[in-house]
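Here are my notes on the model, point by point. Please read them with the structure open.

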Amino acid sequence: MSDPFRDGLVEALPGLRAFARTFHRDPARADDLVQETMLKAWSKREQFEMGTNLRAWLFRILRNTYLSELRKLKREVEDVDGAHTASLVVKAEQDGHMAMNDLQAALAQLNEEQREALLLVGASGFSYEDAAEIIGVAPGTVKSRVSRGRQRLMDLMGTEAATIEPSQTLGSAIGMS
């Protein structure tokens, strides 16, 4: 017997994994974030209203879980000797890796609000309204953040506005399309 909730969770996994990778470069940490999201969603499945946007609900859980992690990290000791940071750095093996590193570096320079809105709309394919629901702001605010984020990203990467398709280029570049 088919369970629409379970099926929806399974369908959302690739998008959740890709979104989690925007928060954590380490695939294992990103997968942990997705797993935590799935556990929370499953344990709170009775709170989900069937017929509403399950994908947006899951993305919001993932985002809130990540933000909770950030709050916890503020209380932790920094990596003073840089050993952990050095272990996360990987040398690019191909030009594509270099472009990906450039994109990730440019994304990291965006403020959190612009990066989040740009990734939800430009890379994950959410509508402005769905992204606004996930973030908890008005759709106009999301539109503004996306517009400013796209322009800043193009400036950082030296890309002409006419040569970039954010929904294709950004999404495919970070593996979300």
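1. Contact here means heavy atoms within 4.5 Å. By that rule, His-24 touches Arg-29, Ala-30, Leu-33, Tyr-66 and Glu-69, leaving out residues up to four places away in sequence. His-24 sits in the loop between α1 and α2 (27-43). Helices are DSSP runs (H or I, at least four residues), numbered from the N terminus.

2. A word on the basis. This is a predicted model, where local features need pLDDT of at least 70 and side-chain atom pairs count only at pLDDT 80 or more, while totals for chains, interfaces and linings use all residues. Residues are numbered from 1 along each chain as its sequence is written, and side-chain values use heavy atoms, with hydrogens and water left out.

3. Is His-24 buried or exposed? His-24 is buried, at a relative accessible area of 6%. The cut-offs: buried is under 20% relative accessible area, exposed is over 50%, and partly exposed lies in between (1.4 Å probe, protein chains only).

4. Now the rings. The structure holds 8 aromatic pairs. Rings of Phe, Tyr and Trp (its six-membered ring) pair if their centres lie within 6.5 Å; planes under 30 degrees apart are stacked, over 60 edge-to-face, and the rest tilted. Phe-19 and Phe-23 form an edge-to-face pair, with 4.9 Å centre to centre and 70° between the planes. These two residues are 4 apart in helix α1 (residues 4-23), so about one helical turn separates them. Both Phe-19 and Phe-23 are buried.

5. Phe-23 also pairs with Tyr-66. Their ring centres are 4.0 Å apart and the planes lie at 15°, so this pair is stacked. Phe-23 belongs to α1 and Tyr-66 to helix α3 (residues 54-73), so the pair ties together parts 43 residues apart in sequence. Tyr-66 is buried, as is Phe-23. One aromatic cluster takes in Phe-19, Phe-23, Phe-59, Tyr-66 and Phe-126.

6. Last, a helix pair. Helix α6 (residues 112-123) packs on helix α7 (residues 128-135) at about 135°, with the axes 9 Å apart. That angle makes α6 oblique to α7; under 35 degrees is roughly parallel, over 145 roughly antiparallel, 65 to 115 roughly perpendicular, and the rest oblique. Axes are lines fitted to C-alpha atoms over the stretch in contact, with angles from 0 to 180 degrees between N-to-C directions.

7. Which residues meet there? Glu-116, Ala-117, Leu-120 and Val-121 of α6 meet Tyr-128, Ala-131, Ile-134 and Ile-135 of α7.
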